[in-house]
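Trainee: I have the model open and would like to go through its surface and its fold with you. Could we take it topic by topic?

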Amino acid sequence: MTSKLDSGALLDKARAATDNAVVGRVFGEPVERDGIILLPVAKVSAGAGSGSGSGKAPAGEKAAAEGEGEGSGGGYGLSAKPAGVFILKEGDVHWKPAVDVNKIVLGGQVVAIVALLVARSVLRGHRRRRR
């Protein structure tokens with residue numbers, strides 16, 4: 001079964017989906033324990049797009065369906081990553097960022113590769129001068 005949606009309907013659906021990326025998705029439910037309140041925070045990103053088409057193929061070009069054209073499409077994406085937590089204790093507020101270990105490891109690998117490439121260049125230059 002096929003359904004036809006015009007680009008306006010697709011855009012409305014994308015807008016409705018994007019409305020899910022609201023403040024309630026960024027700040028989680030507060031957790032209270034022993035007089036300490038934890039407020040989790042996330043970075044939320046959303047995007048959407050749609051397309052449409054209709055009509056006949058231009059003269060001189062062969063279309064897959066003998067010159068008849070139709071089309072529509074759409075897509076939506078939502079990404080949420082932990083940013084950290086606000087800690088409310090005795091009237092003071094502290095921020096504790098979430099640590100992304102994968103980024104730390106990747107950064108270390110990049111530094112190591114660059115260091116090895118620089119060391120190789122220095123050693124090659126040193127060998128050439130000795131000859």
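Trainee: Which residues form the nonpolar patch on the surface?
Mentor: This is a predicted model, and in it the patch consists of Leu-106, Val-110, Val-114, Val-118 and Val-122. Together they have about 430 Å² of accessible area.

Trainee: Where is Val-114 placed?
Mentor: Val-114 belongs to helix H3, which covers residues 101–130.

Trainee: And why is Val-114 classed as partly exposed?
Mentor: Its relative accessible area is 44%. Exposed requires over 50% and buried requires under 20%, so a residue in between is partly exposed.

Trainee: How much of the protein is buried, then?
Mentor: Buried residues account for 7% of the 131 residues in the protein.

Trainee: Let us turn to the fold. How many helices and strands are there?
Mentor: The protein has 3 helices and 4 strands. Read from the N terminus, the order of the elements is α-α-β-β-β-β-α.

Trainee: Which residues line the largest pocket?
Mentor: The lining is made up of Lys-43, Ser-45, Ser-79, Lys-81, Pro-82, Ala-98, Val-99, Asp-100 and Lys-103. Sorted by class, it contains 3 nonpolar, 2 polar and 4 charged residues.

Trainee: Back to S2 for a moment. What is the exposure of Ile-37?
Mentor: Ile-37 lies in strand S2, and its relative accessible area of 29% makes it partly exposed.

Trainee: How far apart are Ile-37 and Leu-88 in space?
Mentor: Their C-alpha atoms are 5.0 Å apart, although 51 residues separate Ile-37 and Leu-88 in sequence.

Trainee: What separates the C-alpha atoms of Lys-13 and Gly-49?
Mentor: The separation is 10.0 Å, for two residues 36 residues apart along the chain.

Trainee: Now the backbone. What is the phi of Asp-34?
Mentor: Asp-34 has a phi of about 55 degrees, which is positive although the residue is not a glycine.

Trainee: Where does Asp-34 lie?
Mentor: Asp-34 is in the loop between strand S1 (31–33) and S2.

Trainee: Why does Asp-34 count as exposed?
Mentor: Asp-34 has 76% relative accessibility, and exposed means over 50%, so the label follows.

Trainee: What about Glu-90, what is its phi?
Mentor: The phi of Glu-90 is near 55 degrees, again a positive value in a residue other than glycine. Glu-90 lies in the loop between S3 and strand S4 (92–97).

Trainee: Is Glu-90 buried or exposed?
Mentor: Glu-90 is exposed, and its relative accessible area is 73%.

How values were computed: Residues are numbered from 1 along each chain as its sequence is written. This is a predicted model: local features need pLDDT of at least 70, side-chain atom pairs count only at pLDDT 80 or more; totals for chains, interfaces and linings use all residues. Side-chain values use heavy atoms; hydrogens and water are left out. On a 1 Å grid over the protein atoms alone, a cavity is a set of points where a 1.4 Å probe fits but cannot get out, and a pocket is an open set with protein on both sides within 12 Å along at least five of seven lines; lining residues have an atom within 4 Å of a point. Ala, Val, Leu, Ile, Met, Phe, Trp, Tyr, Cys and Pro count as nonpolar, Asp, Glu, Lys and Arg as charged, and the others, Gly among them, as polar. Patches are made of residues with over 30% relative accessible area and no salt bridge: like charges are joined within 9 Å, nonpolar side chains (Val, Leu, Ile, Met, Phe, Trp, Tyr) within 5 Å. Accessible areas come from the Shrake-Rupley method with a 1.4 Å probe; for residues, only the protein chains shown count as cover. A salt bridge is a side-chain nitrogen of Lys or Arg within 4 Å of a carboxyl oxygen of Asp or Glu. Helices (H or I, at least four residues) and strands (E, at least two) are DSSP runs, numbered from the N terminus. Buried means under 20% relative accessible area, exposed over 50%, partly exposed in between (1.4 Å probe, protein chains only).
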